[in-house]
Amino acid sequence: MSTADIAPESVLERRGVFTPDLLDRCISCGFCLPACPTYALTGVETSSPRGRINLMRALETGLLADDDPTVRDESSFCLGCRACEPVCPAGVQYGALLEEWRDHMWKGRRRPWKVRPLLWVVDKPRRVRAMGIVRRHAGRGSEAPGPVNLMLGCFERVLYPRVSLDARELAAELAAPDDQGCCGALHAHNGEFGRGKELAEELGDALPGTIVTTSGGCAAHLASVLGPERVKEFSQWLVEREQPRAAPPEEPSLDRGGTRALGATPAETDDPRAAQAEPRDGAAAKPAGGRPRIGLQDSCHLRNGLGVWREPRELIARVGEYVELPSAAACCGAAGSYAIVRPKDSARVLDRHLDEIADADLDVIAVVNPGCYRQLQQGVKRRGLRTRVVHLAELLAGEK
Amino acid sequence: MAATATSTGLGRRLEGVVGREHVRTDEGALVTFSTDATPLVRGRPDAVVFPATAEEVAGVLRIANERGVPVVPRGSGTNLSGGTVPHRGGIVLVLTRMNEVKEVSDAELVAVCEPGVRTIELAQAAAAKGLLFPPDPGSHTIATVGGNVAECSGGLRALKYGVTRDYVLGVEAVLPTGEIIRSGGRLVKDVAGYDLGRLLCGSEGTLAVMTELTLRLVPAPEASVIGMAYFPGLAGAARAVSRVLASGVLPVTLEFLDQVCIGAVEDYAHIGLDTSAGALLIFGQDGDPAVIERDLQRMAQACETEGATEVRIAESPEAASELLEARRAVLPALSRLEPLTILEDATVPRSRIAEMVEYIQQVAQRHELKIGTFGHAGDGNLHPTAVLDPADEGAVHRAHAAFDEIFARAIELDGTITGEHGVGIGKLRYLERQLGADHIALLRRIKAAFDPNGILNPGKLGS
């Protein structure tokens with residue numbers, strides 16, 4: 001038979017680049033294709049999560065070599081946004097596979113040269129501190145860590161020092177010792193997973209207790225190393241602080257997820273699902289007298305990695321009219337160092353977001369991650385849009 | 001190794017037709033077009049081509065026909081029978097650039113679209129005008145309309161609304177020899193000539209490449225409601241299906257899942273399914289709200305008579321669609337148990353479902369396999385899925401032996417070896433058993449009439 005001569009990967013020799021359990025999980029169903037921003041751009045299987053996993057498998061079995069140009073290009077063309085993960089019924093951990101891929105592909109000299117100075121700067125806490133000296137942020141050198149500590153971030157403290165100041169204004173109990181470095185996400189996503197993990201552990205030592213961060217990407221990386229109990233993204237922490245014993249968001253609070261017993265009246269609309277659906281309809285809602293129209297750009301790893309997306313929407317809806325943009329949950333193209341490594345592709349990914357911001361004529365677009373902040377700020381400026389880009393902490397502090 | 005597309009100049013000739021940026025011959029791209037969603041079958045193509053028009057498709061086919069190069073048409077590659085795997089090499093012809101919905105007419109209840117439109121996009125375009133395109137295969141968010149027509153896809157609404165073939169009014173298609181033909185059109189009545197549209201529907205890309213489809217739409221139902229019933233075992237659920245269908249109700253949806261499938265899908269979707277139940281029957285009706293209520297009552301009663309332990313109704317459209325989307329994800333979710341899932345779609349007359357389900361369970365036991373069964377119970381279309389460790393070669397062989405028996409039994413029960421996934425590569429060897437030698441010989445003559453040089457999807461249907 002025609003199929004007899006074709007062996008599955010699993011019986012071929014493996015090179016040990018990837019963890020077998022991670023790589024074997026994909027059954028190529030293709031459910032990830034519509035979620036992938038680079039597949040949307042190209043329409044080519046090779047630039048989809050399923051296609052890239054097939055490339056990884058070919059690399060693993062030696063069918064394709066390390067220096068194969070397509071393998072190399074796709075390892076950097078992928079945004080690493082992990083939008084393919086929540087839609088994957090098979091539970092493939094694509095983000096973890098990508099880290100292993102880049103670890104292998106980007107060793108030493110093969111790493112994109114533009115990334116190298118970034119990694120150098122954030123590799124040592126004293127360099128991170130030195131960057132922050134020029135700007136006034138919330139960190140104080142003399143301050144001792146408390147039970148709950150604010151992470152100052154590496155680039156965030158330089159580019160957006162206002163964010164940490166506003167976070168502290170909103171929550172005075174946040175301690176912010178200056179003696180803290182980078183979380184290691186940049187390393188982990190750029191081919192130095194081991195060092196990325198070490199940096200997260202060092203930060204965990206410097207900030208014992210709960211770590212609160214205003215950066216969604218850092219939150220996801222830190223949580224993957226230190227555990228989700230110890231790490232909270234700012235909006236998540238604010239909402240959980242108000243409702244300390246709230247059920248985890250993924251659990252339906254009705255006995256059998258949105259169903260009623262036969263014969264029961266279908267009236268009650270206290271169904272949490274209906275309530276959650278509300279903000280999504282916000283775009284169609286009429287503007288309430290003079291309240292600002294505010295959109296949100298989700299942080300990819302915060303949403304796709306930690307499942308946090310309701311919280312920032314809830315907080316925004318308290319201070320303005322929340323408008324759900326169609327691509328709010330899709331990557332804006334900042335993607336860590338992506339905007340620097342692949343500026344043209346990054347701008348192509350951003351275009352759709354800018355179109356939607358312009359169409360919705362937003363007053364404000366809120367962000368929960370410094371990379372998205374920079375990306376949207378530059379895009380909005382380039383297009384000459386009137387929309388203001390602000391971090392959620394700044395937005396909430398401004399309303400106080 | 002065989003000569004590459006570049007070394008033979010094939011790549012350059014194809015570039016002349018579709019433009020340089022729409023031909024891929026790099027090893028990496030060829031690897032990613034070696035598979036579809038079918039496990040264990042693969043084949044490296046020599047080139048991947050992305051045409052934008054029927055004329056470009058014709059140009060590609062003429063080159064291939066002249067050189068005797070195989071051509072495998074492909075949409076999003078969600079095929080489950082190896083139908084889009086280029087196991088004889090050649091050209092993969094990807095039609096996803098042809099993705100325009102050209103027209104949705106509420107006056108004529110017709111949609112005209114290109115083959116690369118995703119099924120859900122067509123459904124949404126229809127819904128925007130208050131219309132329904134009923135075929136909704138499990139992969140409707142990914143799969144293309146062209147692929148659905150080529151495979152005659154079914155879906156969750158087939159019981160009441162039929163399958164893709166019931167919605168194909170006309171096609172424009174390119175013959176393997178390069179001529180562009182049209183058959184049928186926007187007319188409900190048209191008997192001028194053989195119904196080639198119907199012939200191409202389900203032809204699995206072996207006769208011609210469809211480049212435009214004219215499809216029938218129906219008015220969208222006023223309302224639709226989904227309910228669910230838990231049973232101690234699959235047998236009870238299967239009996240309930242027969243009882244529902246005998247009660248004078250034609251439900252829009254009647255799906256069942258056994259315990260293995262309930263557990264896997266709940267692990268993915270977290271929608272609060274009772275994973276301790278032996279089986280779950282999902283039933284649905286659409287149309288006039290008063291009729292829905294009456295039918296739901298009848299279906300619920302049928303379930304209770306057959307021993308349902310609990311019957312529930314989805315509270316909101318959101319909850320209903322969550323339940324249906326979870327049902328669509330059963331197959332990939334099953335791979336959470338083991339990474340290799342071999343899925344088949346043996347189908348029997350609906351009155352024989354209980355018998356078939358019981359037989360599948362016996363086969364699984366005899367071959368010491370974990371087989372999860374789910375499927376479109378209302379139309380007898382079952383999806384027994386063996387969940388295996390790919391490293392366990394013995395288990396893979398046992399699974400093939402088990403499916404041999406399951407197919408044989410399906411044929412004995414006046415069923416079919418494939419309800420909606422297609423014959424593809426793997427089931428070709430069972431086809432003659434079902435159809436007989438004379439029928440197979442006729443298929444081959446039809447294939448030869450369309451494709452004298454045998455370039456379109458060779459080694460599959462008609463070969």
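The model is predicted: local features need pLDDT of at least 70 and side-chain atom pairs count only at pLDDT 80 or more, while totals for chains, interfaces and linings use all residues. Residues are numbered from 1 along each chain as its sequence is written, and chains are lettered from A and ligands numbered from 1 in the order in which they are written.

Chain A is divided into domain 1 (14–108), domain 2 (115–242) and domain 3 (277–399); the bounds come from an automatic or database domain assignment. The centres of domains 1 and 3 of chain A, taken over C-alpha atoms, are 27 Å apart. Their contact takes 12 residues from domain 1 and 14 residues from domain 3 (contact: C-beta atoms, placed from the backbone, within 7 Å). On the domain 1 side, α2 (37–42) and α4 (69–77) of chain A each supply at least two residues. Helices (H or I, at least four residues) and strands (E, at least two) are DSSP runs, numbered from the N terminus.

In chain B, five strands form an open antiparallel sheet in the order β5-β6-β10-β8-β9. Pairing requires at least two DSSP bridges between two strands. The edge strands are β5 (101–105) and β9 (180–184) of chain B. Strands β8 (168–174) and β10 (209–216) of chain B pair over six bridges. V171(B) stands opposite L213(B) in β10(B).

Two helices pack on this sheet. Helix α3 (54–67) of chain B touches β8, β9 and β10, and its direction makes about 50° with that of β8(B). Helix α4 (119–127) of chain B touches β5 and β6 (110–113), at about 35° to the direction of β5(B). Axes are lines fitted to C-alpha atoms, for helices over the stretch in contact, and angles run from 0 to 180 degrees between N-to-C directions.
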